[in-house]
Each structure stands twice: as C-alpha cells, then as structure tokens.
Amino acid sequence: MGKGAPTLVAAAVATAARWPHREAVRVDDVGVTHAALQDASRRLAGWLSARGTTTGNPVLIAAPNSIGLVVAYLSALRAGAMVTLVNPTLGRRELGRLVERVRPSATLASTELAQQLQGLGSTVPGLTLDVSGAGIPAEVRSLAPVGDVAVDSGDVAHLAVTSGTTGPAKLAPLTHANVVASVRAVMDAWRWTSDDRLVHALPLQHAHGLTAVHLSLLSGSRSMVLSRFEPATLCNAIVEHRATVLFGVPASYDRLLGWPGFERADLSSLRLAVSGSAPLSARHSDAVTRVLGHRPLERYGLTEAGFVLSNLYDGERLPGAVGYPLPGAEVRIVGTDGAAVADGAVGEIVVRGPQVFAGYSGADPTDAFLEGGWFRTGDLGIRSPVTGAVSITGRSKELIITGGLNVYPGEIEQVLETQPCVRAAAVAGRPSNRWGEEVVAFVVAEEGLDLEELAAAVARELAPYKRPKSYVVVADLPRNHMGKVIRAELTRRYRQAP
Ligand code: AMP
C-alpha cells in the first residue's frame, strides 16, 4: 500500500461517520463512542500541533490501559506524529533510556508517569492526563478542537519499541499502511465483522493489545479492554457483553484454566479465542478446547512485521502450529545461507509483505533483511510436509518470553552486575507452566550477598515481568572460548533449581 491507501486516522473518521454513537472502546466500566473519540482526539491533536508537533515528529505516550490512552493515541496520529507507546510498568532507568532514544517532540502521560518524566528532567512540552477511570480526561475536554493535519499512508504511525539482546532498545517505525495491512489481514482471515465484540486484558501499549483499538477503528466492532488480568473479571466481561472473540497470551489461558469458574461460565457467545505472542502448549490448547467447544486459534506475529501466520478459521486448527501466511504475507523458512530449506527442516522464518516495516530507526535499512526484502524474524520454524503449516521451534535470539512479554537477558544482567555484591550474572529462561518461560538469574556472589536485598534493588530498576522469579548462586558461569556465557548450559545444569 502506498499513497492514497487508508490511514488509521481516515479509517477512524469513516467509521465514526457511519456509527457515531456506537461504543468504540470500553476500558473496564467506561466506554467511549466513535463520535466522542473523534471530538476528543481533535482537541488533543490541536494541543500537540500548537506546541510544534508536526508530521514525522515522535510523541511519547505513557499511560496505563485507559480511555485517556486511546484518546492520546488517536490524537497523536491525527497531529501527524509517530507514536511511541510506553509500557507503564517501566522502571526509571528504562524510561530514561527510552526518552533518550525516542527524543519526543511532546509527551502525553498519566499523572504518575508524568512525574517520572519530569524527574528525568524532560523539558519537552508535556500534558498530564488524569486517566483514572473518568473516560475522556478533563484536561482534554477543555481544549479547542482543530482541523486535521494531512496524514499519508506512507507516514510513520508507530515508532515501536523492541529490545536488542544486549544493546539499547531498537525502534521499529511502522507506517499507517503497515498497520492497516496487518489488521486487515486478520480481519479477513478471522471473518471479522462490525458486529464483533472483542474482550481482552492485554496491555494496549503492545501491538497485540493495541489491535483491539485498530479493529474497532477499522471495522466498527466493539472492544472491551480490562486494565488488569483477572480470570473472574475477564469471564464476567465475556458474559456481560456477549463477547464474540477473546484475545489472550498463553499465560492468560493458563490462568483461566486454573480458575474453577472458567468451566462454569456461560461463554457460548464466543466464536473465537485467539492465542499469540508465545507458544501455546498442546496441553493448554486441548484443555481450552474442552471448555469452549472450539479450539483456540494460534497465530504468530511480531512488532516489526505485524500479524504473519495464523491457523485456519475454517478448517482444522493444529495444536503446536501457528498455521499459514496471512493475506499479503509471504513467508519462507531459510537456512544460514538465506536459501529456502526443504519442508520438514528447521530454519529461520523470514517474511515480506505490506505489513512488514522497512528497517530499524537509525540502522542500515538492509540490517535484518535478506536480499529481496525478506525480514529476518530471528525465530526458528519448520513447515510441515504434510499440512504445510508452520510451527515455531525456538528462537535464534536469546529472547525470554514470559507471560507473552519479551525479556532480553542482557538488560537484566546489566542491572544485576551493577550491584556491589554481584561479581557476574547471567539470565536465562526456564520453562514454566504458568508463564511459558520464567526469568532465572544465576549470580556469582561477592562477599556479603543478600538475595532479598538484591531482589529489592532489581525491583527498583526493572518492570515486574523482567524481574527474576528465582536466583541461583553459582560458583562460576559456563563460558565459550569467546568468553560468552552459554545460557543453555546454565539452565541444563540448574534445571532443578528452586
Ligand atoms: P513482539 O515483537 O513483542 O510481538 O514479540 C514477537 C516474538 O514473539 C516473535 O518473534 C516470536 O518469538 C514470539 N511469538 C509470537 N507469537 C508466537 C507464537 N504463536 N508462538 C511462539 N512464539 C511466538
């Protein structure tokens, strides 16, 4: 898609013209209609434009799941900005690094996060939004609405954050065309209609959760988002709103299965339960199938390339597989030479298509791409010679995915190694029924190491999901001839660690 193709803003305007009074998004108990969302986002876009934000400027938005966050997001797009959505649980150090990388022209933040930004010495224009449950923040209602800035589908909509294994966060620019193509592909594949009602309890700051907003803006369907995951609340929301679709990560399904009320709830309105962001075990897939009467549909995607592969909506859904390329996506499995491997052989998944970004910000545009524009996902996969479906077999990156969220060992190790009582540290993922993988830290101690104090120090620096679930004190770390820690060897040695 290039010039003239729809933008997220144009799609939102068209949907609001068609269904002005229909609820677009609800967060917990507060809903907002398309008309109200249009009005509020015009006002806040005016505030941004008046303070100098123009096409292509980054705007940092830091707020928990809330209507205020949705308004801020749409308003920044309207002002022509590229939006960076901040995970609201980031620690001070992480937020500081992100601000340095993004260099925003303005920030829109909830009260608490605005204070953190001020604490970091941010001098760019910032608006503090009270997002605590009252719907459209009062700060926005008092602003004057303005006309729209021209936005093209080739303009960058998101400056999305991904992390490098060791180095600083990578920024992945995604155009309006990329995002629209990605969302339309799943709408097509999953038979999406304006009558759909989606429920999830995922963070809106991540591409997976934000899809709820995009689906509603593009199709007029309703999205009910919960600010935190709790099995009973999630099931109540499905029942109350007669939800047709549920989005979750494997950890969400694990929690639901562990709650006795899941089997008793009347979830008959659901036509589809989607799982993504991490591997869903066949055991969990079977168990969810028994409760819902239909198999959860597993799909695969990543920030840089949007939705890529999905099991079939009609037809057999294969546990342990992520299925087939979504409309528009071309997928290959290649060897280290970049050539396609035979079906049945493991290789790296590479993808190209209208949903795939054009390269990391500030990096050589060919970085992470093979000749012909194939993006190297870093994930390893295998295509079944029988069904043609792709399964993910592992990651060539040293990424830990815990509860569907990515943790990069290098970042945690850096924090651990700044603590005076830690001589060396290595972090690895350990299989976990609840989280898919959980973060384990292996530390070589200096005298006087107190693990409780260490955990408290880490908690001051890192978001909860990144904090090690357990610590193992070891005499040394296994290293290769280049001095690099061999993580697989560590987890093998200490598999039984408490
Ligand atoms: P993110 O960019 O945060 O969306 O994370 C993308 C990564 O999540 C991918 O590169 C995969 O490693 C992983 N991932 C996403 N979906 C799946 C899935 N269905 N099964 C296994 N891994 C997945």
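Rings of Phe, Tyr and Trp, the last taken by its six-membered ring, form a pair if their centres lie within 6.5 Å; planes under 30 degrees apart count as stacked, over 60 as edge-to-face, and the rest as tilted. The structure before us is a predicted model, in which local features need pLDDT of at least 70, side-chain atom pairs count only at pLDDT 80 or more, and totals for chains, interfaces and linings use all residues. Residues are numbered from 1 along each chain as its sequence is written, and side-chain values use heavy atoms, with hydrogens and water left out.

Across the whole structure, a search finds 6 aromatic pairs. In one of them, the ring centres of Trp190 and Phe307 are 6.0 Å apart and the planes stand at 70 degrees, so this pair is edge-to-face. It joins distant parts of the chain, 117 residues apart: Trp190 is in the loop between α7 (176-189) and β9 (197-200), and Phe307 is in strand β14 (residues 306-310). Helices (H or I, at least four residues) and strands (E, at least two) are DSSP runs, numbered from the N terminus. Trp190 is buried at 1% relative accessibility, and Phe307 is buried at 7%; buried means under 20% relative accessible area, with a 1.4 Å probe and protein chains only.

I turn now to the cluster. Phe357, Tyr360, Phe369 and Phe375 form one aromatic cluster. Within it, what is the arrangement of Phe357 and Tyr360? Their ring centres are 4.9 Å apart with planes at 70 degrees, so they too are edge-to-face. Phe357 is buried at 2%, as is Tyr360 at 11%.

Definitions and conventions:
Buried means under 20% relative accessible area, exposed over 50%, partly exposed in between (1.4 Å probe, protein chains only).
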